[in-house]
Amino acid sequence: MTDFDGRTVLVTGASGGIGGATVRRLRAAGADVIASGRSVESLERLAAETGARPLAFDLTSEDSVRSAVGGLDVWGVVNCGGFGGEIATPMETDIDVFDKVISVNARGALLVTKYASASMIRLGRGGAIVNVSSQAGLVALPGHISYGSSKAALDNITRVSALELGRYGIRVNSVNPTVVMTEMSAWYWGRPDIEGPFLDQMPLGRWATEDEIAAPIVFLLSDDASMISGVSLPVDGGYTAR
Ligand SMILES: NC(=O)c1ccc[n+]([C@@H]2O[C@H](COP(=O)([O-])OP(=O)(O)OC[C@H]3O[C@@H](n4cnc5c(N)ncnc54)[C@H](OP(=O)(O)O)[C@@H]3O)[C@@H](O)[C@H]2O)c1
């Protein structure tokens, strides 16, 4: 396993399923982890279990992100905080939900990148950022107008950030997972009429586990991926290869 040798990594969405699994893996690999989300109680539970440092802030507020992240010394970032929004077509979308999804998934990740990269550049030790995107950012999925748009925007944030931060030795990549049965997804993807037809289209034919997403996140963050920047890596059982 890769050794992060005490490097400090900020993980947003750490109070959630994929973020929590990422924190556990990073701690096991020797990273100093700052675990963030909004729920102080969940973060403190995770901190007690893993030794990560809890830091609560709201991704939708620039003031909140600036005051929490602006002064941190970090080597790496995992932008994992996210919001599922609604299942709706372009014809029936609630535009307030669209704004909120964009505000958490794309704007929030960009704000964290903005303030964290300033400290990474100042420290001059290079670094890595991994954005947790989705298969919904790569292909059209029914009902995913808001969420898919936010993740496509996040993939562009990945590419442009890779372009602009490369000169500082900072790599930026996305992982684009299929469904993991966390709180965010179970209410929709767990429906028998949705689950069966979708899995029939996927070469591996099953949902991912939290750990199967955390592992490629940690790989892309690590020096094992030292020549990889600007990619959106499907972690989708082959779904988007069809
Ligand atoms: N689950 C899936 O099937 C799936 C598939 C592909 C991609 N993803 C992506 O993977 C990431 C993690 O998903 P998950 O399933 O682990 O989700 P989850 O369990 O629902 O967790 C979501 C996380 O985002 C945080 N968050 C939401 N709004 C926030 C805000 N305004 N400010 C700060 N933090 C906020 C939550 O913090 P609090 O609860 O503390 O507020 C929580 O830690 C998301 O970006 C999601 O889009 C998930």
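Figure 1. A strand here is a DSSP run of E at least two residues long, and strands are numbered from the N terminus. By that reading, Val175 belongs to strand β6. Keep in mind that everything in these views comes from a predicted model. Val175 has 0% relative accessibility, so it counts as buried. Take Leu233: it is 58 residues away from Val175 along the chain, yet the two C-alpha atoms are separated by 4.7 Å.

**Figure 2. Seven strands make one open, parallel sheet.** Read across the sheet, the order is β3-β2-β1-β4-β5-β6-β7. The edge places go to β3 (53-56) and β7 (232-235); each has a single partner strand, so one side of each has no neighbour in the sheet. On average, and ignoring direction, neighbouring strands are turned by 20 degrees against each other.

**Figure 3. Strand β5 is mostly covered.** How many of the six residues of β5 are buried? The tally is six of six. Gly127, Ile129 and Asn131 point one way from the strand, while Ala128, Val130 and Val132 point the other way, and all of them are buried. On the β4 side, the two strands pair in the parallel sense over four bridges. Val78 is the one to look for here, standing opposite Val130 in β5.

Figure 4. The buried residues start with Ser146, Tyr147, Gly148, Ser150 and Lys151 and go on to include Leu154, Asp155, Ile157 and Thr158. Ser161, Ala162 and Leu165 are buried as well. What covers the buried residues of α5? The cover includes α4, β5, β6, α6 and β7. As a guide to reading such a list, an α-helix has 3.6 residues a turn, so residues three or four places apart point the same way.

**Figure 5. Six aromatic residues form one cluster.** The members are Trp187, Tyr188, Trp189, Phe198, Trp207 and Tyr239. With ring centres within 6.5 Å as the cut-off for a pair, the count comes to seven aromatic pairs. One of them is Trp187 with Tyr188: centres 5.8 Å apart and planes at 55 degrees, so this pair is tilted. Trp187 is partly exposed at 49% relative accessibility, whereas Tyr188 is buried at 8%. Another pair, Trp189 with Trp207, is edge-to-face, at 5.8 Å centre to centre and 70 degrees between the planes. Trp189 lies in helix α6 (residues 183-189) and Trp207 in the loop between α7 (192-200) and α8 (210-221), so this pair ties together parts that are 18 residues apart in sequence. Their C-alpha atoms are separated by 9.6 Å. Both Trp residues count as buried, Trp189 at 8% relative accessibility and Trp207 at 11%. Not counting residues up to four places away in sequence, Trp189 touches Leu141, His144, Val179, Met181, Ile194, Glu195, Phe198 and Trp207.

Figure 6. The charged end of Lys100 sits over the ring of Phe83. How far is it from the ring centre? The distance is 4.1 Å.

Notes:
Residues numbered from 1 in each chain as written. Predicted model: local features only at pLDDT ≥ 70, side-chain atom pairs only at ≥ 80, totals over all residues. Heavy atoms only, no water. Phe/Tyr/Trp six-rings, centres within 6.5 Å; stacked < 30°, edge-to-face > 60°. Buried < 20%, exposed > 50% of the residue type's maximum accessible area, 1.4 Å probe, protein only. Lys NZ or Arg CZ within 6 Å of the ring centre and 35° of its normal. Contact = heavy atoms within 4.5 Å. Pairing = 2+ DSSP bridges. Axes fitted to C-alpha atoms, helices over the stretch in contact; angles between N-to-C directions.
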